[in-house]
Amino acid sequence: MSESARKFVVGMILFLSAGAVVGWLYDEVVMGLLVAALIALAWQASRLLSFERALRTGNFEQFRVGEGIWEQIFSRFRFERERAVRRKKNYRMLLREIRKSTNAMPDGAVILDANNEIIACNRAAKELAGLKRKKDRGQRVDNILRDPELIRLLQSGDHKSTIEMMSPVRDGEWLDCRVVPYGGDQKLLLLRDVTERIRLSKMRRDFVANASHELRSPLTVINGYLDSLIDDESIPATWQKPVAQMRRQAARMRQILSEMLELSRLESAGAVKSDEPVDVPELLESCRQAFEGHSKVANVTIDAQSTAELRANKAEIETVIVNLLSNAIRYTPEDGEITMTWRSDGEGADLIVADTGEGIDPEYIPRLTERFFRVDKSRGRDDGGIGLGLAIVKHVLARHDAELVVTSESGHGSEFRCRFPAERVVVEPPVPLAGGA
Amino acid sequence: MEASDLNEHISRRFNKDIEDLRNNVLVMGGLVESQLSQAIAAIVSGDSELGLQVARDDYKVNDLEVTIDEECSRILATRAPTAGDLRLIVAIIKTITDLERIGDEAEKIGFLASKLAAMDRPADSYRELKTLGSHVAHMLRDAMNAFARLDVEEALETVREDERVDDEYEAIARQCITFMMEDPRSIKRVMNVTWVARSLERIGDHAKNICEYVIYMVHGRDVRHTLYSDDTGQDSG
């Protein structure tokens, strides 16, 4: 019990006892006690009332100094109140700082609740996507940003992928959108301006396409003359070898250009339109035969575990097989084994090209599909590879909703697995009726 | 006690129905917007494949129109909405018709884009169509935003914007006539350009209609075929 509380209790008891004593003098103990209690009650009630008035008016003059219980209550009250004010001010400052920093962020951020309704957004979101801070609170975000792709992203609950959409405010600008879950079931929609990146990648694509196209005509002329030179008996013997080499290199250049053009064509085209059922084992066989008869080729076997057909563009799938097979042959010694497998299950189908060659270091696997990427810079130039094959494979597969999975162990060979989704697989190809021709 | 619970339940379901309906209209709006911007991109970049894609995708817009229309009839029949709710339904029925027409025009533009892509391209690669197109796309976007936010101010601004689109269309039409007189061989191509401009101008008109429905929905006042003065935005009661 604090000092003032003890004083209060002691004072109260003393006062009541004094009343009782005075009453005893007059032979009326109870009356004396009662009168004292009434006086004490009246006095405390008047203090209580004036405290209430002080609370109302804010004038605490009479409670400011002194040791009594009411003064103590007041000082405690004032202390708590000041602390609350101070704390509130701190919070407000903190909040203002957070507000300032989110507003300074160059990326737009929109806080959404479980129904995709907007709770708050920062200034960048306002500028990038044209959201209105006050007016759009409680509005569903896909009512304002109505891009069909974004609606799909919001509904899919996919928190990993991003989509690109045109800025609804500024023409020709692109936003990269991403949804991140946070808190309970709230979500954060992040918007980033990627106009520059899109412009650059378009420039690069255009440049590659134009350059390859422009280089092709001069190269055709050079190739033509070299072809006739090689048959010319009259050129001196010393020039015959250089001419042959020039012709080989020119042919290589032509191949590089045609692959670059193929790649830029694949990049600019959308999803595959012409879907024909492709008999994959048959395609594997014809690709194998194309490489037969070359010297120093490892043994190629075909393992067709499934009769399912693939709905795809046949020419493009053939490109995939040829690229994977020629890679496998290039990196597998003569006594090695190459296996091409076609199998299907309930969730899709796999086209696998596995070899027992030298394998790939795991650190290089993620970079394999980059253009002109080579694991070993010192080799590969002379054996016909130019480093575009896997990039083409990746693009063709992406156009067929498929993905490329590479597993490899250095020294023990590699496996390239093309995983096609179930929608692309025709599990039971139409079987001709028994007894038919 | 039980009756009031039931009432509350029904009205909550009703609210949800109306809210879903409104969201669907905005989804349809988003689809139409993206169709339009792709059609314009197909014209500007001479991408015939993209143009045909737009033409092929028009069925999605049509499907949505049918779905929303059925939903509207269902709500009208089962809920018998009144006042603001009724105005909302009426406005939605009209809005989706206009959206569907915009989808048709976008389909037409996509088809024309694939035809234009096969012909000679002028040096400016249809800059005037790009300008008109982005103008119209903005109008459509603002109209849908006004619908989402029930924002009469924005709707009125968009309605006024239509005049400028009409002026631009006039200018393009005149320019096209000049081209055709200068070089009769270009008539076939320039005719297609005129059709595209015409479609864009029509889309502007449809966007304007949608804005008028927004005003009707909010104020309960029909502002069609009237002159727009500055006091139109005030509620007359």
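Trainee: How many helices and strands does chain B have?
Mentor: This is a predicted model, and in it chain B has six helices and zero strands. The pattern along the sequence is α-α-α-α-α-α.
Trainee: What share of chain B is buried?
Mentor: Of its 237 residues, 42% are buried. Among contacts in chain B with a separation of 6 or more, 81% are between residues 24 or more positions apart.
Trainee: Okay, on to the contact with chain A. How many residues does it take from chain B and from chain A?
Mentor: Chain B puts in 16 residues and chain A 14 residues. On the chain B side, the elements giving two or more residues are helix 1 (2–45) and helix 4 (127–149).
Trainee: And which helix gives the most there?
Mentor: Helix 1 of chain B does, with nine residues. By class, that side of chain B has seven polar, five nonpolar and four charged residues.
Trainee: Why does N116(A) count as partly exposed?
Mentor: Because it has 19 other C-beta atoms within 10 Å, and buried would take 20 or more.
Trainee: What about D401(A), what is its phi?
Mentor: Near 55 degrees, again a positive value in a residue other than glycine. D401(A) sits in the loop between helix 11 (389–399) and strand 11 (403–409) of chain A. D401(A) is partly exposed, with 15 other C-beta atoms within 10 Å.

Technical notes. Residues are numbered from 1 along each chain as its sequence is written. Chains are lettered from A and ligands numbered from 1 in the order in which they are written. This is a predicted model: local features need pLDDT of at least 70, side-chain atom pairs count only at pLDDT 80 or more; totals for chains, interfaces and linings use all residues. Two residues are in contact if their C-beta atoms, placed from the backbone, lie within 7 Å. Helices (H or I, at least four residues) and strands (E, at least two) are DSSP runs, numbered from the N terminus. Ala, Val, Leu, Ile, Met, Phe, Trp, Tyr, Cys and Pro count as nonpolar, Asp, Glu, Lys and Arg as charged, and the others, Gly among them, as polar. A residue is buried if 20 or more other C-beta atoms lie within 10 Å of its own, exposed if 12 or fewer, and partly exposed in between; C-beta atoms are placed from the backbone.
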